[in-house]
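Hi,

Here is the structure I promised to pass on. Have a look at it first, and then read my notes below.

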Amino acid sequence: MYEPLHRHRPASKWTNGDLAARVGADLGLPPDDEQRWILDSIYAEVADDRPAAFEVAVIAPRQNIKTSTLGIAAPADLFVFGAEKHVWSSHLLDTSKGTFRDFRQWIESNHEYADQVDYMEGHQDLSIIHRESGRRIEFRRRTGKGGRGLTGVKRITLAEDLYLEPNHVGAVYPTMLTRPGAQVRIASSAGMEHSEQLRRIRDRGRTGKDPRLAYVEYGAKVKACADRNCQHTADPPVPGCAMDDRDLWWQANCALWCGRITEESLNDLRLSMPPAEWAREFFSWWEDPVSL
């Protein structure tokens, strides 16, 4: 039985994660047990409309659990929990556009949900708007100034957090100060050398002591290759290379546990990607500065 490398959430009195899970099922995204833990953490409360966690961070390999789970939570905010505005922030505008299209496809798969919303799709203005209430999900490219002046934002999802910069934090986080029940959701693969802000979140999350941070990190424990001079080539394969250890593949990639991805698809990427990038993306082996 495989488990995340690190997992912790603040104490709470109850959770409404089951309501969010129902939205996921309605949109063709029935959550597995790992996703349910994240949804339960997002919607855990200490009082009515008072989340137990101000921040919920999910660190995991690509195409495993991050967007598929936080992508359930955002529509749940719109349709069930009454959040006036949810901002989904990505590093690149193209990523925001892709996520917007995914959300639209999910919603339009269920006419009961689709009949409740309109879509705004301009060059940079991307929104899903609840027709009756005016509640909305806005999809934005992250900038150092983009969060300043935001009003009515109760939920923010920061995708691709490995690119998060100090000025992004300074632009976004203060907008939550006067919003009771505000929450920031963070999604990323393992950090690069320059991922200072994400590394701070990781270090807080791994201790399990932050009373307002729910944190889960999926990955494989670092293992040395049989040959210390191994170059990690996949073609031809190197006997004893840690990157070809299938047990490490299963440790790191929770989507294997429920069958959303396969060993074959991972092997295709192993053959195609530079070894260091593959290890960061699919083992969650961080690119920490040497001084660490």
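What follows is a short tour of what I found.

A word on the ground rules. This is a predicted model, in which local features need pLDDT of at least 70, side-chain atom pairs count only at pLDDT 80 or more, and totals for chains, interfaces and linings use all residues. Residues are numbered from 1 along each chain as its sequence is written, and side-chain values use heavy atoms, with hydrogens and water left out.

Let me start with the overall picture. The protein has eleven helices and twelve strands; helices (H or I, at least four residues) and strands (E, at least two) are DSSP runs, numbered from the N terminus. Of its 292 residues, 52% are buried. Buried means under 20% relative accessible area, exposed means over 50%, and partly exposed is in between, using a 1.4 Å probe and protein chains only. Among contacts with a separation of 6 or more, 71% are between residues 24 or more positions apart, where contact means heavy atoms within 4.5 Å.

After α1 comes Gly28, with a positive phi near 80°.

How do α1 and α2 cross? Their axes come within 8 Å and cross at roughly 130°. Axes here are lines fitted to C-alpha atoms, for helices over the stretch in contact, and angles run from 0 to 180 degrees between N-to-C directions. That makes α1 oblique to α2; angles under 35 degrees count as roughly parallel, over 145 as roughly antiparallel, 65 to 115 as roughly perpendicular and the rest as oblique. Gly17, Asp18, Ala20 and Ala21 of α1 make the contact with Arg36, Leu39 and Asp40 of α2. By class, this contact has three nonpolar, one polar and three charged residues. Ala, Val, Leu, Ile, Met, Phe, Trp, Tyr, Cys and Pro count as nonpolar, Asp, Glu, Lys and Arg as charged, and the others, Gly among them, as polar.

Another helix pair is worth a look. Helix α10 (residues 263–272) packs with α11 at an angle of about 145°, their axes 8 Å apart. Here Leu266, Leu269 and Arg270 in α10 meet Pro275, Trp278 and Phe282 in α11. The classes in this contact are five nonpolar, no polar and one charged.

Next, some backbone details. Ser284, in the segment after α11 (275–283), is not a glycine but has a positive phi near 60°; this residue is buried, with a relative accessible area of 4%. Asp49 also has a positive phi, of about 60°, without being a glycine. Asp49 sits in the loop between β3 (44–47) and β4 (50–51) and is partly exposed at 32%. Finally, a cis peptide bond joins Asp235 and Pro236, with omega about 5°; Pro236 is in the loop between β12 (213–217) and α8 (246–252).

Enjoy exploring it!
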